[in-house]
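Hi everyone, thanks for coming. Could you please bring up the structure, so that we can walk through it together?

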Amino acid sequence: MQKREQIVDAADRLFYERGFESTSFADIADAVGISRGNFYYHFKSKDDILEAVIALRVERTRSMLDSWEEEGGTPEERIRCFIRILIANRVKIMQHGCPVGTLTSELARLDHSLQPQANSLFTLFRNWLAQQFAAMGRKKHADALSMHLLARSQGVATLANAFHDEAFIKSEVGQMNLWLAAVAAGKH
């Protein structure tokens, strides 16, 4: 792995675990094991690093959505992949919240110029989910259904982080799956 990629990976992890504002150049350099001078060779500012982290997250999100397209046979099965990320990432979510939600919230609070780029992660999920709901035959309400599921998953992540409650995550994932089955059956 190239040094620049190592810096971005470390920054991504630290921004998630500590927050963007609370992570310094020194923290990232220490995590990678490089001098600050070498660090500045790759990135001139913390905003440059943030931009690279957001680009990495967008790339990883697109890759994940592509894999869900391949692995899920029906739109309902593909949407279940989205719901399951709460279970797959439950330990991290209970410790740090949702990586997308925490970053976008922090950048909004800071009125940061890169907040719209961070929001693009939610837009990727929103559009992908809306496509799945449309393919399920719910075209008229696809965006509203997508936003409902996004909002619910963010609420679950926020409360799971606040209460460190794994049983809550599992219960809510079960409820989201029941809701999705009702939507797929045209009952919701």
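Let me start with one term: a residue is called buried when its relative accessible area is under 20%, and exposed when that area is over 50%. Please also keep in mind that this is a predicted model.

Now, is Leu 86 buried or exposed? Its relative accessibility is 6%, so Leu 86 counts as buried. You will find Leu 86 in helix H5. Setting aside residues up to four places away in sequence, Leu 86 touches Ile 93, Ser 153, Val 156, Ala 157, Ile 169, Val 173 and Met 176. Another residue to look for is Gln 175: along the chain, Gln 175 and Leu 86 are 89 residues apart, yet 13 Å separates their C-alpha atoms.

Let's stay with helix H5, which runs over residues 75-88.

Phe 82 deserves a moment of its own. Leaving out neighbours within four places in sequence, Phe 82 is in contact with Trp 68, Phe 125, Trp 128, Leu 129, Leu 149, Leu 150 and Ser 153. Phe 82 also belongs to the largest nonpolar core, which has 57 residues. The members that touch the most other members are Ile 28, Ile 49, Phe 82, Phe 133 and Leu 149. H4 supplies the largest share of this core, with nine residues. As background, nonpolar side chains tend to be buried together in soluble globular proteins.

On to the aromatic rings. There are nine aromatic pairs in total. One of them joins Trp 68 and Trp 128, with 5.4 Å from centre to centre and 55° between the planes, and this pair is tilted. Trp 68 sits in helix H4 and Trp 128 in helix H8, so the pair ties together parts that are 60 residues apart in sequence. Both Trp 68 and Trp 128 are buried.

A second pair is Phe 133 with Trp 179: the ring centres are 6.0 Å apart and the planes stand at 75°, so this one is edge-to-face. Because Phe 133 lies in helix H8 and Trp 179 in helix H10, the pair ties together parts that are 46 residues apart in sequence. Phe 133 has 0% relative accessibility and so counts as buried. Trp 179 is buried as well, at 9%.

Phe 25, Phe 39, Tyr 40 and Phe 43 are linked by ring pairs into a cluster. Lys 46, meanwhile, lies over the face of Phe 20, 4.5 Å from the ring centre.

Finally, a stop in helix H10, at Glu 172. Which side of the cut-off does Glu 172 fall on, buried or exposed? Its relative accessibility is 17%, so Glu 172 counts as buried. Apart from residues up to four places away in sequence, Glu 172 touches Arg 152 and Val 156. Leu 86, where we began, touches Val 156 as well.

Technical notes:
Residues are numbered from 1 along each chain as its sequence is written. This is a predicted model: local features need pLDDT of at least 70, side-chain atom pairs count only at pLDDT 80 or more; totals for chains, interfaces and linings use all residues. Side-chain values use heavy atoms; hydrogens and water are left out. Helices (H or I, at least four residues) and strands (E, at least two) are DSSP runs, numbered from the N terminus. The expected span of a helix is 1.5 Å times one less than its number of residues. A nonpolar core is a set of buried Ala, Val, Leu, Ile, Met, Phe, Trp, Tyr and Cys residues joined through side-chain atoms within 4.5 Å. Buried means under 20% relative accessible area, exposed over 50%, partly exposed in between (1.4 Å probe, protein chains only). Contact means heavy atoms within 4.5 Å. Rings of Phe, Tyr and Trp (its six-membered ring) pair if their centres lie within 6.5 Å; planes under 30 degrees apart count as stacked, over 60 as edge-to-face and the rest as tilted. A charge sits over a ring if NZ of Lys or CZ of Arg is within 6 Å of the ring centre and within 35 degrees of the ring normal.
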